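Student: Hi! Could we go through this structure together, starting with the aromatic rings?

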Amino acid sequence: MEFKRKPVTDIGIDETLNRVDEAKIKKAIDWVLNKETSARLKVFVETCMRCGMCTTSCHHYLGHNNDPTYAPAAKVKQTIWDILNKKGNVSKEDIKKYARITFTECNLCRRCVQFCPFGIDIAYLIALVRRMCCLIGVVPQYIYDQVLSHMQTTNMLWFRQDEWLDTIQWLEDELRAEIKNGKIPVGKKDAEVLYLAHGLEAKYMTGLITNMAKIMNVAKVDWTLPDTDGWDYTVKALYAQDFETMGKVIKTHYETAFRLNVKKIIIGECGHAFRTAVYEGVRYLGWQEPPIPYIHGVQLFYELLKEGKIKIAKKIEEPVTIQDPCNIIRYRGMGKMLRYIVAQLCENIVEMSPKDDHNYCCSAGGGMIDSGPPWKTARIEGGKVKAEQIRNTGAKIVIAPCHTCHKGIEDLNIYYKLNVHVKFLVDIIAEIMEIPEEMKP
Amino acid sequence: MEQFFLDPSIYTLARGPLVWLAFLVFLIGMFYRVFTTLKMAKKEKVIYPYLNLKYTLRSIFRWLMPFGSISMRKHPWFTAVTFVFHICLIATPLFLTGHIELWHESWRISWWALPVSLADAMTVIVILCSILLIFRRLYQQDIKFLTSFSDYIVIILVALPFITGFLAHHELLLEYKIMLTIHMISGEIMLIAIPFTRLSHMFMFFLTRAHTGSEFGAVRHSRDY
Ligand code: SF4
Ligand code: SF4
């Protein structure tokens, strides 16, 4: 069995490789091997018994008709083992292959880690190779563009500060059509909560901000949005393993919170941002845990429902199923909270199998959807398992509390003709919650 | 040891000084490997601050218990084979009458021994399991892809002392004393190889599980099994 793939062009990879030489490649690899890695790399590489227990845990392996080159340990063999065997003297062709494997055939979902008798952190090893590629400048163009945007604007889509303020103003206008005197506070000092939004929500999916505002108003949360750059919680630099930009973005979020003197940061339904803000980002900045609580949408809704701050008027009757986003379930154990919320909202829940922290990744996460159109096929093929899981539930609605899962499953829905609606919690809650009489316009 | 000085021969060499050498290399080598790993782990700021005893133990317990993890339940045959293989592999040499006699001879210590016929059966099991493991590497596509030549060598290194021990015990193929000498030498080679090959997983297992177990349990609030 050998590594066989259809050719795909991505200027972020191909063009960069035209520009760099082997010396630069070697330098980047040596830097990572000598300066940024230590015990984990050595032990993980030397302890893998090539037992294959991890093979069938990966949806990419299953989605590609059990092609051995997609197995988790095989992806490690074809990348970091190869680099170590060649002592870092690798060709441009090699780098191209490494970039393809690590960016577009692994979601860093860490499901395979749960299946390895030694707990070998395969996602860590894959990310390490991404880091090498990133230092060379070889990153899928769609990811790289977003990272560049983050470097300059701290948001993912080159949104300017005045556009942000403008957007929030007209969103507040719209909110008042539904909530009397509804408010979206911006830059309010000493508020209890700093709320951050997803970059896309400011431009294309504004309904998500309005719906969140509706919930915040009804639940009487003392909240504010930032009035400065740093309102976008996404951190696409995580996907490129560009630690420097990642650190800058996360630092901006926490600094904004300190400046506004809030007690906690709350974000909406997004997996990677949460994970970066509580793991990679804070660790990079030298904190052991987040300096102030960093709350995910699922945790927020759990509290609001549990404390009765929002009440549900009428539950959804159609069968629903739950997508467990890796970055908040396998990475933070929110499975029970998520199920509590969904049970409050829906009558008829049909679970996927496997579920909770053993769930399969949607195949869009970890940068795969952000690698953009050139790599869509890889993602859709890897998503076969997820599509089957959803089909087997017979559900009509998939609740996916993560932007990436949401979009990824929408694509799977079209390709595999699943006939489902993919929904965020925020949209469902805003739709079916009780709005007190005095708040109705 | 004295035997070798009284009557130097390959047999007495393998029976005396080489045993000591093998045990020394094994112990010092493993100690060195674990020590350097622990020291290297300090350089990575994200290991020690997150270590958690409770979840380390949970992780080790889950993975030492047969079918304790979802992964093992998904691979019932392989799990059964590896557990039987590892148990026989470790227990047979430790509780073999012949070996305990040697300990008694030089250190005046002894312990419970396996009945000879049981030890014999366990030896055969180790050999059969080794063959299964080799076949698995040869014929299961995903594992074949991962396997390199050294993986076969490692299995042979482990199987050889058992094969030769079995042959010597039943006085097959070669004269008893010659076979016994080969047996002792192969056992010594295996011991010496442990710190320097993938066989070191017998110790590294505990370190990697401590890290991953703590990360999953204490930080990620989810299961690593
Ligand atoms: S996609 Fe997930 S299961 Fe597959 S190799 Fe990557 S981390 Fe492991
Ligand atoms: S399960 Fe672990 S030890 Fe086995 S092949 Fe996969 S990574 Fe290696």
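Tutor: Happy to. A quick rule to begin with: rings of Phe, Tyr and Trp (its six-membered ring) pair if their centres lie within 6.5 Å; planes under 30 degrees apart count as stacked, over 60 as edge-to-face and the rest as tilted. Keep in mind that this is a predicted model.

Student: How many aromatic pairs does that rule give over all chains?

Tutor: The count is 22. Take A:W164 and A:W231: their ring centres are 4.1 Å apart and their planes are at 5°, so this pair is stacked.

Student: Where do A:W164 and A:W231 lie in chain A?

Tutor: A:W164 is in helix α10 (residues 161-175), while A:W231 is in the loop between β2 (223-224) and α13 (237-240), so the pair ties together parts that are 67 residues apart in sequence.

Student: Is A:W164 buried or exposed? And what about A:W231, buried or exposed?

Tutor: A:W164 counts as buried, at 0% relative accessibility. A:W231 counts as buried too, with 0% relative accessibility.

Student: OK, over to chain B. What kind of pair do B:W103 and B:W111 form?

Tutor: A tilted one, with 6.0 Å centre to centre and 50° between the planes. B:W103 is partly exposed at 28% relative accessible area, and B:W111 is partly exposed at 32%. Ring pairs also link these two into a cluster with B:W20, B:F23 and B:W107.

Student: Which residues of α10(A) are buried?

Tutor: They are A:W164, A:T167, A:I168, A:L171, A:E172 and A:L175. These cover an arc of only 135° around the axis, which puts them on the same side of α10(A). An α-helix has 3.6 residues a turn, so residues three or four places apart point the same way. The face of α10(A) turned away from the buried side carries the exposed residues A:Q169 and A:D173.

Student: Last topic: what surrounds ligand 1?

Tutor: Its surroundings include A:C58, A:H59, A:K75, A:C106, A:C109 and A:C112. The shell divides into six nonpolar, three polar and two charged residues. Helices α4 (59-63) and α5 (72-85) of chain A each supply at least two of its residues.

How values were computed
Residues are numbered from 1 along each chain as its sequence is written. Chains are lettered from A and ligands numbered from 1 in the order in which they are written. This is a predicted model: local features need pLDDT of at least 70, side-chain atom pairs count only at pLDDT 80 or more; totals for chains, interfaces and linings use all residues. Side-chain values use heavy atoms; hydrogens and water are left out. A residue is near a molecule or strand if one of its heavy atoms lies within 4 Å of it. Helices (H or I, at least four residues) and strands (E, at least two) are DSSP runs, numbered from the N terminus. Ala, Val, Leu, Ile, Met, Phe, Trp, Tyr, Cys and Pro count as nonpolar, Asp, Glu, Lys and Arg as charged, and the others, Gly among them, as polar. Buried means under 20% relative accessible area, exposed over 50%, partly exposed in between (1.4 Å probe, protein chains only). The arc is that of the directions from the helix axis to the C-beta atoms.
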